[in-house]
Amino acid sequence: MFLKVMLSFTLCYVVGVLSAFAEIPNHHIFYRNDTRAPLTKVDIVFLGAGRNQDQSSQIGLARTVWRMIWDAAKRRGYMDRLSASGARFNTSTSTYYQTISISALSRNCGESIKIVADLIQNLEFSDLDLKEVKKQLTTIYQNDVRRNASMMRKTFALSQTMGIKKQRSLKTLKNLSLEDIRQYYDQLVKTDVVFFKVISDLDSTEVAKLLRPITEGRDTGGFVHSLAHLKTDTKVGPAAFVFNSSIKSVFSHWLIPIGNLGEETYVPALISSALRGDIHGLIPKYFREELGLTYSPSCRVRASEEIIYFEIYADPQLHNSEELIQKMSDFIRELPDNPRFWEALKERREILKVSDVHNQTPQRSLNREVYRAIYNTSRREGGYDSVTDEEVRSFLEKFFVSDNMIMVFRGPKDNIRDILNTHWPEAEVHEQSLRSVIE
């Protein structure tokens, strides 16, 4: 969740390409003062842990441990103790780090940190714990097939074309052992670098003192926080993944990989804003208002694991699907020479310069600082004014091409295959079942 929230506000603040994480000092505190309420929020970030540590035979291990920490905290009374002091507790896992979060009334923050420190240092797991968590995660995975199926289909398509790891597997979940859990957790608590994200009305020096139960005497030697970037191949397509459904619409996604986390994102953020921005963005205006081919088209810059990609989406009804798919594909490839795009781009430049000033909140500012620190990136001088039309054109000509398109469709497979055979005969078509996504 941290990554999703952070990306939506930091994509236009980073520049540079690195082969490794920045060297954040152990126990470093990223701090923002916020006196609007007597509250303190602390994120304890174990840098180097996370899904990137999962082996192919252990897909889901980090997520399982995350769930077991939360479950054990509830079963062993830590949640009740925290609630009694007006605090909330949460855990999360991302690609490269694991996070334990505390939100508390500032006057009780010290006691809440002691409770969490006790949890971290003395947590034990049993076979019963693992059995219960496997049962919970199996149910969650199965429910997500229905609730988050769209995201799972896109992640699957990227894993098949870009080489990123799958995030979930019922098979490997079933085979995880208690020894796997204990070994991972032992490495987690000994992670070489643990840093803190703090928003509080308390002084930063006072917060540092309150964190001593976690920082003092902590062993190190666990996960190493190195990141070897995948080389983003811009010749991954055209490929199409077709998920059969009897619905009377064709849910359509065009995924355009553009790089890795930590790379330049001013240009794609500007392009995305021009294409969508709001209901007046170029894609909604053209495909919904003028052509009437789809109800809710959109364009966003997203991330899956370390891959950043454009997602262009449309949901045409079956009778409009062939025209929509053909025209959207042509629209994407012809953007560099589309005069309406350049008009929309000029308009969005002015809007973003104003809106960005009003997007500065303590949380967003903190997230940006941490992101820049992890990837050792710096803010681009001049902001959007520094992005030239030549840079935008070069970007489009490099990435918005047939050979760099991954398409994901859900609808009547025979209809979709006929459309692809007619208009995209060169596309490699994969017919998939949703069950294969998490198996």
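Reader: Quick one to start: which domains is the protein chain divided into?
Author: Domain 1 covers 2-215 and domain 2 covers 239-438. Keep in mind that this is a predicted model.

Reader: OK. How far apart do the C-alpha centres of domain 1 and domain 2 lie?
Author: Those centres are 29 Å apart. As for the contact, domain 1 puts in 55 residues and domain 2 puts in 53 residues.

Reader: And what area is buried between domain 1 and domain 2?
Author: About 5200 Å², with carbon and sulfur atoms giving 69% of that.

Reader: How many salt bridges does the rule find across the interface?
Author: Two salt bridges, across the interface of domain 1 and domain 2.

Reader: What about Lys-154 and Glu-311, what do their side chains meet in?
Author: A salt bridge, with N to O at 3.0 Å.

Reader: Switching to rings. How many aromatic pairs does the structure hold?
Author: Twelve aromatic pairs. One of them is Phe-30 with Phe-195, an edge-to-face pair at 5.4 Å centre to centre, with 75 degrees between the planes.

Reader: Where do Phe-30 and Phe-195 lie?
Author: Phe-30 is in strand β1 (residues 29-33), while Phe-195 is in strand β5 (residues 193-200).

Reader: Is Phe-30 buried or exposed? And Phe-195, buried or exposed?
Author: Phe-30 counts as buried, at 4% relative accessibility. Phe-195 is buried too, with a relative accessible area of 1%.

Reader: Now Phe-341 and Trp-342: why is that pair edge-to-face?
Author: The ring centres of Phe-341 and Trp-342 are 5.1 Å apart and their planes are at 70 degrees, so the pair is edge-to-face. The cut-off for that label is planes over 60 degrees apart.

Reader: What's the relative accessible area of Phe-341, and what's the relative accessibility of Trp-342?
Author: Phe-341 comes out at 0%, so this residue is buried. Trp-342 has 18% and also counts as buried, because the cut-off is under 20%.

Reader: Which residues do ring pairs link into a cluster?
Author: Phe-310, Phe-395, Phe-399 and Phe-400.

Reader: Cation-pi next. Which ring does the charged end of Arg-153 sit over?
Author: The ring of Phe-243, with the charged end of Arg-153 at 5.7 Å from the ring centre. There's also Arg-288, whose charged end sits over the ring of Tyr-295 at 4.3 Å from its centre.

Reader: Let's talk loops. Where does Val-236 lie?
Author: Val-236 sits in the loop between α10 (212-215) and β6 (239-244). The residue is buried, at a relative accessible area of 15%.

Reader: What is Val-236 in contact with, leaving aside its neighbours within four places in sequence?
Author: With those neighbours set aside, Val-236 is in contact with Thr-161, Met-162, Pro-257, Asp-403, Asn-404 and Ile-406. Take Asn-404: its C-alpha atom and that of Val-236 are separated by 5.3 Å, with the two residues 168 residues apart along the chain.

Reader: Last one, Asn-320. Which loop does Asn-320 lie in?
Author: The loop between β9 (307-314) and α13 (321-333). Asn-320 has a relative accessible area of 16% and is buried. Leaving aside neighbours within four places in sequence, Asn-320 is in contact with Gly-292 and Leu-293.

How values were computed
Residues are numbered from 1 along each chain as its sequence is written. This is a predicted model: local features need pLDDT of at least 70, side-chain atom pairs count only at pLDDT 80 or more; totals for chains, interfaces and linings use all residues. Side-chain values use heavy atoms; hydrogens and water are left out. Rings of Phe, Tyr and Trp (its six-membered ring) pair if their centres lie within 6.5 Å; planes under 30 degrees apart count as stacked, over 60 as edge-to-face and the rest as tilted. Helices (H or I, at least four residues) and strands (E, at least two) are DSSP runs, numbered from the N terminus. Buried means under 20% relative accessible area, exposed over 50%, partly exposed in between (1.4 Å probe, protein chains only). A charge sits over a ring if NZ of Lys or CZ of Arg is within 6 Å of the ring centre and within 35 degrees of the ring normal. Domain bounds come from an automatic or database domain assignment. Contact means heavy atoms within 4.5 Å. Buried area is the accessible area (1.4 Å probe) that two parts lose on being put together, summed over both. A salt bridge is a side-chain nitrogen of Lys or Arg within 4 Å of a carboxyl oxygen of Asp or Glu.
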